[in-house]
Amino acid sequence: MSAAAAKPILYSYFRSSCSWRVRIALALKGISYDLVPVNLIKDGGQQFSAEFKALNPMQQVPALKIDGITLSQSLAIINYLEETHPNPRLLPQDPKKRAQVRMIADHIASGIQPLQNLGVLKQMGEKKMEWAQNCIMSGFQALEQILQHTAGRYCVGDEVSMADLCLVPQVANAERFKVDMGPYPTITRINKALLELEAFKISHPSRQPDTPAELRA
C-alpha cells in the first residue's frame, strides 16, 4: 500500500481541544483513521520527544498523517479535509456565511484557546486558574455577542460548520476551568445542541482510547 493510500494516522491527546476539533471533522466526514495517543503530561510531555518533534516541529497535537503528507494546526487540517472530502460541508457556500464561520473559528483558535493552553498555564504558576478563567470569559463575552447575529441552531445558521467544531471543545475547557456559563446563553444553547450529534459524542474526550479510566463516559 502506498503512503498516499494508507489509513490516516491522528496523533491526539484525549483532553486536547485542538485534537478534538479534528476528531469531530473526521467523524462527520466518515473518515476512518488510526489514533496514536501523545500524552502531554506523562514523561514530561511526550510531545517533546525527538520522535514527535520530527513529526511536528511545534511539538503540539494534533498532527495528521494523510495522503502521504503530515499536517499540523487543527484549522489547516480541517480545511484540507474539507477540500478533499467535501461532504458533508463544513464551510458554507455563501461567501458571507463562510467568512463568519472562519471569523468564529479564528476567534476561538487564535483569540481564546492559545491563551489558556497547557504551555501558557505552566508559566502562570499559582495564578493559572484565574488566568484561564479571565482569558475564556473575555473571549466568550465577544463570542456571545457575535453569535447573537450569526446563529441559527448552530454557530452560523442551521448547518454544522468549522465554527461549531471549535466551539464545543472550548466550552469543555471553560467547564474544566469552572467558568460560570450563565452570561453566555447562546454559546450554552448551541453547545447543548451540538453535543447531541453522534460525531461530537464519539469524538468526546471521555470516549478516547487514551482517556484515563476515571474520566471515561
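1. Let me start with S19, which is buried, at a relative accessible area of 0%. The cut-off for that label is under 20%, so S19 clearly qualifies. Keep in mind that this is a predicted model. S19 lies in helix α1. Setting aside residues up to four places away in sequence, S19 touches Y11, S12, Y13, V61 and P62. Two of the names in that set, V61 and P62, come back in point 4.

2. Now the sheet. What is the order of the four strands? The open sheet runs β2-β1-β3-β4, and its pairing is mixed. The edge positions belong to β2 (34-37) and β4 (69-72); each has a single partner strand, so one side of each has no neighbour in the sheet. On average, and with direction ignored, neighbouring strands are turned by 20 degrees against each other. As a reminder, strands of a sheet pair through backbone hydrogen bonds, either parallel or antiparallel. For β1 (residues 9-12) and β3 (residues 63-66), the sense is antiparallel, over three bridges. Y11, one of the contacts of S19, has A63 in β3 as its bridge partner.

3. Next, the helices on the sheet. Helix α1 (residues 17-28) packs on the sheet and touches β1, β2 and β3. The direction of α1 makes about 150 degrees with that of β1. Helix α3 (residues 74-84) also packs on the sheet, where it touches β3 and β4. For α3 the angle is about 130 degrees, taken against the direction of β4.

4. P88 belongs to the loop between α3 and α4 (95-111).

5. Then there are the positive phi values. D43 has phi near 55 degrees, which is positive in a residue other than glycine. The loop between β2 and α2 holds D43. Is D43 buried or exposed? D43 counts as exposed, at 62% relative accessibility, given that the label asks for over 50%. Q59, again not a glycine, has a positive phi near 55 degrees.

6. Of the 35 residues in the lining, L40, Q113, N117, L118 and G119 are the closest to the centre. Which helices each supply at least two residues of this lining? They are α1, α3, α5 (118-124), α6 (128-150) and α7 (162-176). The largest share, four residues, comes from α5. By type, the lining of the largest pocket divides into 15 nonpolar, 15 polar and five charged residues.

7. The second largest pocket has a volume of about 290 Å³. Its lining counts 19 residues, and W20, A172, R176, H204 and P205 are the closest to the centre. Here α1 and α7 each supply at least two lining residues. How many residues does α7 give? Seven, the most for this pocket. The lining of the second largest pocket splits into nine nonpolar, seven polar and three charged residues.

8. A172 is worth a stop, being one of the residues closest to the centre of the second largest pocket. A172 is placed in helix α7. With 25% relative accessibility, A172 counts as partly exposed, because that label covers values between the 20% and 50% cut-offs. A172 and L115 are 57 residues apart along the chain, and 15 Å separates their C-alpha atoms.

9. Last, R153, in the loop between α6 and α7. R153 is partly exposed, with a relative accessible area of 41%. What does R153 touch? Leaving out neighbours within four places in sequence, the contacts of R153 are D158, R189, I190, A193 and E196.

Conventions. Residues numbered from 1 in each chain as written. Predicted model: local features only at pLDDT ≥ 70, side-chain atom pairs only at ≥ 80, totals over all residues. Heavy atoms only, no water. Pairing = 2+ DSSP bridges. Axes fitted to C-alpha atoms, helices over the stretch in contact; angles between N-to-C directions. Contact = heavy atoms within 4.5 Å. Buried < 20%, exposed > 50% of the residue type's maximum accessible area, 1.4 Å probe, protein only. 1 Å grid on protein atoms, 1.4 Å probe; cavity = no way out; pocket = protein on both sides within 12 Å on 5 of 7 lines; lining within 4 Å. Nonpolar A, V, L, I, M, F, W, Y, C, P; charged D, E, K, R; others polar. Points joined across faces, edges and corners; volume = space filled by probe spheres on them.
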